[in-house]
Amino acid sequence: MSPRSRRLLPAATAVVAALVIAAPADGAAGRQDPHGSGGASVGLAAEPGALDLVPLPCYPVTFQATMVNTGRQDVFADMTLTAPAPVALSRDLFSSYLPAEEPDQPVSAPVEVTAPRDTPPGTYDVRLAVDRERLTVPVHVRPVPEKGPGDNLALGEQAFASSTHGNFSVCGGVDGNPDSADWSTLTGWNDGTSRVFPDSYGVRLDQPRTVGEVTVHTLDSERNPAAGFGLRDWDVQVQRDGAWRTVAEVRGNTAGAVTSRFEETEAEAVQLVIHASNDGSYSRVVELEVH
Ligand SMILES: [Ca+2]
């Protein structure tokens, strides 16, 4: 199965990805300042220009917010970003020095958009602003699909960890992408305590669910094979009424993906307790699946 087919939505709305530049027209008369403020002129863009969002705690969608100095003066620009509640953004300000250069040099920053599970479906307008320039990024909040037998119960649910390294996201291990080739785009969890074990990584399910199978995708790419960089020893634990119980153990692993099957049991959360990795320093989980 391709990573994409594990997702709740087909690759967001990348097709709407045309760069929407809201910059003032670059007139033939040569970069006149439309605001009369001394030649400063900053354009805005968003890529993609619209988003589909399934409101789950660990299922953000991302767009690139871009500023470009189309004027003839160097500027220090502040982009403000706002979203109507309960839609939330990973940043509300994007500031950058924008030298006047030919050709124009766009500067971009990723913005994650999330919404809580009970968000009513509909369109929510994220608004970007620099000076008097404005750009709207519509976020279409979709209904949350019902999870049934055979579905990955961990997908998009609230992940947690004993620690998380640098700018990795704790949600990367439940984002539906198990492809180690995408590790550099942070689609995985990396713990933050080098050479200290155990580490733990888990997911809280939306409600108590019957579980009997857990699949761990650890880092396993051409450059970073599992035998060198993946998880080696871990326990699979389920939580019931607040108490953790070990239901499976994996030791001496060198494979990229390992499925543990156990007697079906009711669980409100599932976690891995990691005792060792093959490089002896970090625990790396590209994706945790619960069935
Ligand atoms: Ca992932």
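**A walk through a predicted structure**

Let's start with a link between two cysteines: Cys 58 and Cys 171 are joined by a disulfide, with an S to S distance of 2.0 Å. The term stands for a pair of cysteine sulfur atoms within 2.5 Å, and the structure holds one such disulfide. Its two ends come from distant parts of the chain, 113 residues apart: Cys 58 sits in the loop between β2 (51-53) and β3 (61-69), and Cys 171 in the loop between β10 (158-161) and β11 (189-190). The strands named here are DSSP runs of E with at least two residues, numbered from the N terminus. The torsion about the S-S bond is about -70°, so this disulfide is left-handed. Both Cys 58 and Cys 171 are buried, a word that means under 20% relative accessible area, computed with a 1.4 Å probe on protein chains only.

Before going on, keep in mind that this is a predicted model, in which local features need pLDDT of at least 70 and side-chain atom pairs count only at pLDDT 80 or more, while totals for chains, interfaces and linings use all residues. Residues are numbered from 1 along each chain as its sequence is written, and side-chain values use heavy atoms, leaving out hydrogens and water.

Next, look at the calcium ion. Its protein donors are Gly 172 (O), Asp 175 (OD), Asn 177 (O), Thr 187 (O and OG1), Val 286 (O) and Glu 287 (OE), at 2.2 to 2.6 Å from the ion. Donors are N, O and S atoms within 2.8 Å of a metal, or 3.2 Å for Na, K and Ca; water is not among the atoms, so a site may look incomplete. Along the chain, the calcium donors follow the spacing G-x2-D-x1-N-x9-T-x98-V-E. Val 286 counts as buried because its relative accessibility is 0%, and Glu 287 does so at 1%.

Now for the nonpolar cores, sets of buried Ala, Val, Leu, Ile, Met, Phe, Trp, Tyr and Cys residues joined through side-chain atoms within 4.5 Å. The largest has 29 residues, and those touching the most other members include Val 214, Trp 234 and Leu 288. Elements giving two or more residues to this core are β12 (199-218), β13 (231-240), β14 (243-250), β15 (257-277) and β16 (284-290). A separate core of 28 residues includes Phe 63 and Leu 98.

Seven bridges join β13 to β14, which run antiparallel; strands pair if DSSP finds at least two bridges between them.

Notes. Buried means under 20% relative accessible area, exposed over 50%, partly exposed in between (1.4 Å probe, protein chains only). Helices (H or I, at least four residues) and strands (E, at least two) are DSSP runs, numbered from the N terminus.
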